[in-house]
Amino acid sequence: MLIISQMRISDGKVKAIHSKKPAEGILDAANKLGANLIITGTRGLGTIRRTLMGSVSAYVLEHASVPVIICRPCEY
């Protein structure tokens, strides 16, 4: 997952985000960094599995105050 802030990628360092709820942790980090774009991936779970387990990317998309790009896995 990339959180991009003002034409720089968080000073080029990888930062761990610890949160009981991953989506909320991602949104908190984006706010703290002043990000203007969030790019995240998806595992492409089916509708039933996503309903039971929830979707981090869907939550981020619905609750983010900045644009979100969701990338699907490559299908070979």
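## Ground rules

Local features in this predicted model need pLDDT of at least 70, side-chain atom pairs count only at pLDDT 80 or more, and totals for chains, interfaces and linings use all residues. Residues are numbered from 1 along each chain as its sequence is written, and side-chain values use heavy atoms, with hydrogens and water left out.

## Overall layout

The protein has three helices and three strands, taking helices as DSSP runs of H or I with at least four residues and strands as E runs of at least two, numbered from the N terminus. Follow the sequence along and you get β-α-β-α-α-β.

Of the 76 residues, 24% count as buried; buried is under 20% relative accessible area, exposed is over 50%, and partly exposed is in between, using a 1.4 Å probe and protein chains only. Take the contacts (heavy atoms within 4.5 Å) between residues at least 6 apart in sequence: 73% of them join residues at least 24 apart.

## H1 against H3

Two packed helices are described by the angle between their axes and the distance between the axes. Here, H1 (residues 22-33) and H3 (residues 56-63) pack at about 40°, with axes 8 Å apart. That makes H1 oblique to H3. On the conventions: axes are lines fitted to C-alpha atoms, for helices over the stretch in contact, and angles run from 0 to 180 degrees between N-to-C directions. Angles under 35 degrees are roughly parallel, over 145 roughly antiparallel, 65 to 115 roughly perpendicular, and the rest oblique.

The crossing of H1 and H3 is right-handed, which is to say that the near helix is turned clockwise from the far one by less than a right angle, anticlockwise being left-handed. On the H1 side, Pro22, Ala23, Glu24, Ile26 and Leu27 meet Val56, Tyr59, Val60 and His63 from H3. Sort the residues of that contact and you find seven nonpolar, one polar and one charged. Nonpolar covers Ala, Val, Leu, Ile, Met, Phe, Trp, Tyr, Cys and Pro, charged covers Asp, Glu, Lys and Arg, and the others, Gly among them, are polar.

## The core and Ala23

The largest nonpolar core has ten residues: Ala23, Ile26, Leu27, Ala30, Ala35, Ile38, Val60, Ala64, Val66 and Val68. H1 gives the most to this core, with four residues. Such a core is a set of buried Ala, Val, Leu, Ile, Met, Phe, Trp, Tyr and Cys residues joined through side-chain atoms within 4.5 Å.

Ala23 sits in H1 and is buried, at 8% relative accessibility. Leaving aside residues up to four places away in sequence, Ala23 touches Val56, Tyr59 and Val60. Its C-alpha is 9.5 Å from that of Leu61, 38 residues apart in sequence.

Ile69 belongs to strand S3 (residues 68-71) and is partly exposed, with a relative accessible area of 40%. Not counting residues up to four places away in sequence, Ile69 touches Leu37, Ile38, Ile39 and Thr40. Ile69 and Thr40 are 29 residues apart in sequence but 6.3 Å apart in space, C-alpha to C-alpha.

Gly34 is in the loop between H1 and strand S2 (37-41). At 35% relative accessibility, Gly34 is partly exposed. The C-alpha atoms of Gly34 and Val66 are separated by 9.6 Å, with the two residues 32 apart along the chain.
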